[in-house]
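Let's walk through this structure together, one region at a time. Keep the viewer open as you read.

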Amino acid sequence: MNKPNLQKQDSELFDILKSEEKKQQEKLSMIPSENFASKAVREAVGSVFMNKYSEGYPDARYYEGNYHIDELEKLAISRAKELFKVPSDWGVNVQALSGSPANLAVYLGLLEPGDKIMGMYLPDGGHLSHGWSYSPKSERNEENDGFLYAGGSRKVNVTSKFFKAIQYKTNPDNQLFDYEEIEKIALQEKPKLIITGGTAYPREIDYRKMKAIADKVGAYYLADIAHEAGLIAAGVNESPVGIADVVTFTTHKTLRCNRGAIILAQNDLMKKINRAVFPGLQGGPHNHSIAGISVGLKEALEPEFKRYAEQIVLNAQTLAQELSLYDFEIVTGGTDKHLVLINLTNKGVFGKKFARALDHAGIITNMNTMPQESRSPADPSALRIGTPWITTRGMKEKEMKQIAEWMNQVMEEITGWSEDDFEVFEEKAMKSERISAIAQSVMELCDNFPLDI
Ligand SMILES: Cc1ncc(COP(=O)(O)O)c(C=O)c1O
C-alpha cells in the first residue's frame, strides 16, 4: 500500500486543516473549555485503535479479537484510578463519548424517567446537560423564577425532556453558591439527584456541604467537574472523589486529553451506570479516544502537570487582577480556577461584539451569560476567558499582563461603536488599524511560544 498522504488524497480537507493549524499557532486560544493536546495524545487518537469494534467491557465483549483493546481500556481505568485517587470500592467508566452523554448515562442509570433533578441555573454558569429548559419572559413569575428556577416550557436539552428539571441560582449579592438557599429548595422540592458543576462558575464548590444537602433529602449527588478535572487531578482544586456519589468529567479541558469523558462512582452505582452507557446509550466505544485519554492521563500523572495546573490558576488570577485595573468588572471578584468571567455592563459593549473584535485582534474568547442576566444568550452581558491553552504554550504572568492590556486597548477602540448594527461593527473592527496592530503583536508573541503541531 502507498504511504497515506492526506495532501495528495484530499487536498480540500488538507487545506482546511492547514488553515486551522495556522490559526491555532497565530492566535491566543482563550476559551476555558479548550486546550492543546500533546503530539502523543494526537498520535494515539489517530491510531488503528479506531478500527476495532468492542461492545461490552474488558473481558466481557460481544466481538472477538479484543485482547489488546481490553489491555488498553484496563490501562486507562487504572491510570484514572491513580490520578484521581479513586477509592478501592469505586469503579471507572471511560467509554462515554463526551461530557453530555456521560451525564445522561448517570441519570438513566440511577433514575426513572420523570424523576426530579436539580442542577445549577444555566445563565448563572450551569450546563445544558444539567436539565436546561427555559421559559419566555411572559411565563416567568416569583413562584417559578426566584432563587428556585422551576424550569420552563421550552425543553431545550434532552435532560429536561425526560426528567423534571429544576435549578438553583447563585446569590445575587456576590454571585456565589448559597448553600442555605440550595438546602431550602432541596428540602422543599425533594429531587432524586442534585448536580453541581458548571461552565462559567469561577469559584470552588464545597462538595461536603452539597453531599450533606443531598443526604438530607435522600438524593444522589453528582459532581460534574468537567472544567476543573485537571486542576483537581493536580491537587490545585479540592476533589469531590469519595465525597459525591458520582463524579463525571470531560477529558479535553484542563485535563488536556482528547475529547471524551470519564465517570467515577461507588461500585454498586457504577454497575447501573455502566449498563446505561452500554447497552443503554451507546454501542461500540471509541477505542482511539480511550487510547488518547490513556496517554493524557499518564502525562497528568507526571510532576510537571502539577506545575502546569498551578500556573493555569496563577495566570487566570493575574488576568483577573490586571483586567480589573482597567475597570473590567470581574464576576465574583476573581477566580480560584482557570476561568474569568467579565461583566461588561459598565463598558456598554457586550459579549458578542467584544468577543468578535477580540478575535480580529487575535484573541479567541467567548460571549457568555452571567448571574442576573438581563440580555439574550445570543448577545449576553459577559465575556468568558480561560488560561489552560495559553499556559500549555508556556505563557506566564508577564504575558497575562500584556494580554490584559491588549484586551483593554480593543475595548477602548470599540467603545464608540456600541450602537452600530453587528455587520457595521464588524466591518469597522476589520478595518481598524489599532486592532490590526494588536493582531500583529499577538502573532509575534505566539511565535515565541510555538505549538508542537
Ligand atoms: C460542566 C460541564 N458538563 C458537561 C459538559 C459537556 O461536555 P461535552 O461538550 O463534551 O458534551 C461541559 C462542556 O463544556 C461542561 O462544561
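A residue is called buried here if 20 or more other C-beta atoms lie within 10 Å of its own, and exposed if there are 12 or fewer. Bear in mind along the way that you are looking at a predicted model.

With that cut-off in hand, turn to helix α5, which is mostly covered: twelve of its twelve residues are buried. Going along the helix, these are Gly99, Ser100, Pro101, Ala102, Asn103, Leu104, Ala105, Val106, Tyr107, Leu108, Gly109 and Leu110. Of the 13 residues around the ligand, Ser98, Gly99, Ser100, His127 and Ala226 come nearest. By class, the shell around the ligand has one nonpolar, eleven polar and one charged residues.

Now look at lysine 253. The unreviewed UniProt entry lists Lys253 under "modified residue: N6-(pyridoxal phosphate)lysine". In the model, lysine 253 sits in the loop between β10 (246–250) and β11 (261–266). Is this lysine buried or exposed? Lysine 253 is buried, because 28 other C-beta atoms lie within 10 Å. Leaving aside residues up to four places away in sequence, lysine 253 touches Ser33, Asn35, Ala226, His227, Ala229, Gly230 and Pro388.

Leucine 148 lies in strand β6 (residues 148–149), and it counts as buried because it has 21 C-beta neighbours inside 10 Å. Its contacts, not counting residues up to four places away in sequence, are Ile166, Tyr168 and Ile185. Threonine 170 is 22 residues from leucine 148 in sequence, and their C-alpha atoms are 9.9 Å apart in space.

A few backbone details deserve a look too. The peptide bond from phenylalanine 278 to proline 279 is cis, with omega near 10°, and proline 279 has its place in helix α10 (residues 267–281). Lysine 85, a residue other than glycine, has a positive phi, near 50°. You will find lysine 85 in the loop between α4 (67–83) and β4 (90–93), where it counts as exposed because it has 12 C-beta neighbours inside 10 Å. Threonine 332 is not a glycine either, yet its phi is positive, at about 70°. Threonine 332 belongs to the loop between β12 (329–330) and β13 (339–343), and with 21 other C-beta atoms within 10 Å, threonine 332 is buried.

Finally, zoom out to the whole chain. The domain assignment gives domain 1 (48–301) and domain 2 (307–447). Taken over C-alpha atoms, the centres of domain 1 and domain 2 are separated by 29 Å. The contact takes 21 residues from domain 1 and 21 residues from domain 2. On the side of domain 1 that touches domain 2, the residues divide into eight nonpolar, seven polar and six charged.

Methods:
Residues numbered from 1 in each chain as written. Predicted model: local features only at pLDDT ≥ 70, side-chain atom pairs only at ≥ 80, totals over all residues. Near = placed C-beta within 6 Å. Nonpolar A, V, L, I, M, F, W, Y, C, P; charged D, E, K, R; others polar. Helix = DSSP H or I, 4+ residues; strand = E, 2+ residues; numbered from the N terminus. Contact = placed C-beta atoms within 7 Å. UniProt positions renumbered as here; feature names shortened; annotations may be inferred. Domains from an automatic or database assignment.
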